[in-house]
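Take a look at the chain below. Follow its helices by eye before you read on.

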Amino acid sequence: MLTAEQLLANHKANISTLFDLSQKAFEGVEKLVELNLQVAKATLDEVSEHTKAALSVKDAQELLALNTSLLQPSAEKVAAYSRHLYDIASSTSAEVSKVAEGQLSEAQKKFMSVVDNAVKNAPAGTENAVVLVKSAVAAANNAFDSVHKAAKQAADVAEANFQAISNTAVKATQAATAKPRKAA
């Protein structure tokens, strides 16, 4: 049986975890807001420069060259923005996962402690049931570890694919903008 002190300690630990998770989430949101403010400021400056450049164009060929010169940096900026977004989401997720894993580990230890206490106080003849409960807990822990490893591998593959797609998009844009320059 849990005492009032144990229940209060568990409640305090859960509240602390909730605040830790909230703090990690807010840090991620702050990073996202900061990134978006930087992008908005840079975009306003670029729009001003591009507008001035477009207004000073003398003919259609010069306008086409200006538009072509803007294509590559825009694609690179979109790719960089996407990488920053991914990094923010990934780091926030990793920090939240770390806190959650710590809590899960602690919960597993407490559960095993309860099972061990139950085993010590179990009436004679219930050894088979105790063994069954312990093996079920061990199987659940193994299943969780397998799922966790698979999810980590999937995240690593997704990150590698994201990087490859970003690099391919930037290279394709560079190649596309290089061709009209040669023709001009």
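## How two helices meet

The buried residues of H1 pack against H2. This comes from a predicted model. In H1, the buried residues are Thr-17, Gly-28 and Leu-35. H2 has its own buried residues: Leu-66, Thr-68, Gln-72, Ala-79, Ile-88, Thr-92, Val-99 and Val-115.

How do H1 and H2 lie relative to each other? Their axes are 11 Å apart, and the packing angle is about 175°. An angle over 145 degrees counts as roughly antiparallel. H1 and H2 are therefore roughly antiparallel to each other. Sorted by class, the contact of H1 with H2 holds 14 nonpolar, ten polar and seven charged residues.

H1 has 52 residues. At 1.5 Å a residue, H1 should span 76 Å.

H2 covers residues 60–120, which makes 61 residues. From its first C-alpha to its last, H2 reaches 88 Å. That is close to the 90 Å expected at 1.5 Å a residue.

## Thr-17, a buried residue

Thr-17 has its place in helix H1. Is Thr-17 buried or exposed? Its relative accessible area is 12%. Buried means under 20%, so Thr-17 is buried.

What does Thr-17 touch, leaving aside its neighbours within four places in sequence? Thr-17 is in contact with Val-99 and Gln-103. Val-99 is one of the buried residues of H2.

Pair Gln-38 with Ser-105, and the two are 67 residues apart along the chain. Their C-alpha atoms are separated by 39 Å.

Now move to helix H3, where Ala-172 is found. Ala-172 has 45% relative accessibility, so this residue counts as partly exposed. Along the chain, Ala-172 and Val-47 are 125 residues apart. Between their C-alpha atoms the separation is 24 Å.

The mean pLDDT of the chain is 80. Of its residues, 93% reach 70 or more.

Where in the chain is confidence lowest, and where is it highest? It is lowest in helix H3, residues 127–183, at a mean of 73. It is highest in H1, at a mean of 88. Where pLDDT is low, the predicted coordinates should not be read in detail.

Terms used:
Residues are numbered from 1 along each chain as its sequence is written. This is a predicted model: local features need pLDDT of at least 70, side-chain atom pairs count only at pLDDT 80 or more; totals for chains, interfaces and linings use all residues. Side-chain values use heavy atoms; hydrogens and water are left out. Helices (H or I, at least four residues) and strands (E, at least two) are DSSP runs, numbered from the N terminus. The expected span of a helix is 1.5 Å times one less than its number of residues. Buried means under 20% relative accessible area, exposed over 50%, partly exposed in between (1.4 Å probe, protein chains only). Contact means heavy atoms within 4.5 Å. Axes are lines fitted to C-alpha atoms, for helices over the stretch in contact, and angles run from 0 to 180 degrees between N-to-C directions. Angles under 35 degrees count as roughly parallel, over 145 as roughly antiparallel, 65 to 115 as roughly perpendicular and the rest as oblique. Ala, Val, Leu, Ile, Met, Phe, Trp, Tyr, Cys and Pro count as nonpolar, Asp, Glu, Lys and Arg as charged, and the others, Gly among them, as polar. pLDDT is the predictor's confidence in each residue, from 0 to 100.
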